[in-house]
Amino acid sequence: MAEDSDLERTEPASPRRLEKAREEGQVARSQELTTFAVLIATAGSLWFIGSIIMHKLAGVLESGLSMERAFAYDQALLLPRLFQLAVDGLLAIAPLLAWLVIVAFFAPMLLSGWLFSSKALMPDFKRINPIKGLQRIFSARGLIELVKAITKALVVGGVAAGVMWFYKQQVLDLISLPLIAGLTGMGRLMVLAFILIVGAMVLIVLIDVPFQLWNHARQLRMSKEELRKESKEEDGDPQVKARIRSLQREAARRRMMAEVPKADVIITNPTHYAVALRYQDRSMRAPKVVAKGVHLVAARIRELAEAHYVPVLEVPPLARALYHHVALEAEIPEALYTAVAHVLAYVFQLRRYQTYGGEAPQLSPEIAIPNELDQVSVTN
C-alpha cells in the first residue's frame, strides 16, 4: 500500500518540473480567453471606427456596382477593376485586421506570460494517433469541453435572441429610412448586439480560466517517488554525498598530518587533545595552528611528532583552548599570545640547549589561560 501511495501523483509540481514543462511549451491556456479578447477587441473597434469602415466599404460597393461604358466593350478591363476593388476593400478593413492580429498574439500571455518554445513546434505523431484522439474525446476533459460548448451556445444564443427581441422595432424601422441612414443604423444595431453577446461570454471565461489553471497543475502533479528522484538528481544521492564528504575529510586530514613534521611544537592534554603550532617571524604575524585532533587523531599527531623529533609538551588548558577556539591554518587570538610565547620561548631554548649544551631550560609551571577560553571553565 505504501508503494502504491508513492506512485500516485498527489504532490504539487516542483519548480524544476514547472520550468521543464514551460520549456516544452506546456503551459496553462484558455482558448475561451483568447476568443473573448479577440471578440471584445472587434466589438470595441467596430464601435469606434465602424462608421469609417462602413463608409469606405459603401464606397467600394458603390464603385463596384457602377460600370463605365468602356467596360462593356473591353472585357480585359474587368480583371484590373476587380483587383482594384479587392485592394480597396482590404485597405478599408486593414486597421481592424491588424489590431485583431495583435490582440490574438498577446491575449494568451494574459494567462501564461511570454513564451517561445521551439520544442512545441516539433512534429509529434502522437497527436494524430486516432486511438489517442478517441480517448481524448471520451475522456473527462472531452466531457468538460462538451459541457462548455453547450453552455456557450445557450448563453450566446439566449443573449442574441434577447437582443433581437428587444430591438425588433428598431430593426423594422430601418426599412423606412434612406439607404445610407438605414445602413448606418443597421451597423450600429449590429455592433451593439455584438457587444452584448460578447459580454455574455464573460461568464464562460470566468469558468474556463480557473479550470485551465487547475487542470494544468493537475497534469503536472508528481508522485512522491518522482520528487525523491528529482531531489537526488539535483542534490545528489545522499550516500554518494556522504562518501564524497568522507573522502574530503580524509584528504584534509592527510594534508593536516603533512604539516605536523613542520610544526615547532605539539601541545597536548596529554592524551585527549593534540595541537600543532608553527611560527615564522618573517612571514607570520602570530603563531598558527597547523594541525589538531582528539583521541585517535591526537595520538597520530603525537606519533608523527616523535618520529620527526618535534617537541611535545603537556599543557592541558592551552591545548583545550587552542583546539576549541582556533581553526586550522588560523592565527592564535591575542588572548593566548602570552601563553604561547612562554611555550615557544621554551622550545627555542630547548633547541639551543640540544645544539650547544649548557643549562637545561625549564617550562614555566604556570601558563595563564583566560577563563573564557578554557573549555573546562566554560563547561563548568
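UniProt positions are given here in the numbering of this chain, with feature names shortened, and the annotations may be inferred rather than shown by experiment. I noted that the unreviewed UniProt entry annotates "transmembrane region" at residues 36-58, 90-117, 146-167 and 187-214.

I recorded that this is a predicted model, in which local features need pLDDT of at least 70 and side-chain atom pairs count only at pLDDT 80 or more, while totals for chains, interfaces and linings use all residues. Residues are numbered from 1 along each chain as its sequence is written, and side-chain values use heavy atoms, with hydrogens and water left out.

I looked up the secondary structure and found 17 helices and 6 strands in the chain; these are DSSP runs numbered from the N terminus, helices being H or I of at least four residues and strands E of at least two. Residues 146-167 are 95% helix and 0% strand, with end C-alpha atoms 31 Å apart. For residues 187-214 I found 96% helix and 0% strand, and 41 Å between the end C-alpha atoms.

I then turned to the interior. Buried residues (under 20% relative accessible area, 1.4 Å probe, protein chains only) make up 29% of the 380 residues.

Note on methods:
Buried < 20%, exposed > 50% of the residue type's maximum accessible area, 1.4 Å probe, protein only.
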